[in-house]
Amino acid sequence: MSANPTSTPPTAIQSTPSVFDPACSSRHALELVASKWAMLIISALEAGPMRNAALMRRLGDVSQKMLTQTLKELERNGLVIREDKGTVPPHVEYRLSEVGRSLSEALVVLDRWAETHFGTLDAARERYDAQTIR
């Protein structure tokens with residue numbers, strides 16, 4: 001069987017992904033998970049499935065619009081699974097997918113770092129601002 005000369009060759013797959021390569025999709029992954037709301041939603045869902053209202057209470061100051069947009073983006077990228085229970089009134093739960101759980105493990109470390117070092121960062125910001133306002 002001969003190859004069809006008019007067909008387009010398959011796209012070459014980069015053998016070594018690199019976040020420093022502008023064409024690498026890993027940059028999209030970083031952009032997605034670097035969002036404050038995405039990070040907090042994934043961390044909140046680590047405890048188990050949650051409904052929309054429970055997520056809003058857990059996150060505190062997220063708007064319904066931002067929560068919905070972020071959940072849709074996380075679902076689109078396979079990090080969160082939306083389960084519609086098919087009841088009236090509607091009962092929808094969100095939970096982490098397997099890859100979402102693996103990301104959650106990494107984010108726990110970042111969460112603990114932020115909780116441990118926020119005071120140092122606050123103090124540094126205050127010193128910097130005091131020096132530059134003069």
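These legends accompany close-up views of one predicted model. Local features need pLDDT of at least 70 and side-chain atom pairs count only at pLDDT 80 or more, while totals for chains, interfaces and linings use all residues. Residues are numbered from 1 along each chain as its sequence is written, and side-chain values use heavy atoms, with hydrogens and water left out.

**View 1. The overall chain has five helices and three strands.** Along the sequence the pattern is α-α-β-α-α-β-β-α. Helices (H or I, at least four residues) and strands (E, at least two) are DSSP runs, numbered from the N terminus. Of the 134 residues in the chain, 24% are buried. Buried means under 20% relative accessible area, exposed over 50%, and partly exposed in between (1.4 Å probe, protein chains only). Among contacts with a separation of 6 or more, 44% join residues 24 or more positions apart. A contact means heavy atoms within 4.5 Å.

**View 2. Three strands make an open antiparallel sheet in the order E1-E3-E2.** Strand E1 (50-51) and strand E2 (80-84) are the edge strands, each pairing on one side only. Two strands pair if DSSP finds at least two bridges between them. E1 and strand E3 (residues 92-96) pair over two bridges. Met 50 has Tyr 94 in E3 as its bridge partner. E2 and E3 pair over five bridges, again in the antiparallel sense. Here Val 80 stands opposite Leu 96 of E3. Four of the five residues of E3 are buried, so this strand is largely enclosed by the rest of the structure.

**View 3. A cis peptide bond joins Val 88 and Pro 89.** Its omega is about -5°. Pro 89 lies in the loop between E2 and E3. Most peptide bonds are trans.

**View 4. The largest nonpolar core holds 23 residues.** Such a core is a set of buried Ala, Val, Leu, Ile, Met, Phe, Trp, Tyr and Cys residues joined through side-chain atoms within 4.5 Å. Leu 45, Leu 55 and Leu 74 touch the most other members. Helix H1 (26-33), H2, H3, H4, E3 and H5 each supply at least two residues of this core. H2 gives the most, with seven residues. Leaving aside residues up to four places away in sequence, Leu 74 touches Leu 32, Ala 38, Ile 41, Ile 42, Leu 79 and Val 80.

**View 5. Thr 70 sits in helix H4 (residues 64-76).** Thr 70 counts as buried because its relative accessibility is 9%. Its contacts are Trp 37, Ala 38 and Ile 41, not counting residues up to four places away in sequence. Ala 38 and Ile 41 are also among the residues that Leu 74 touches.
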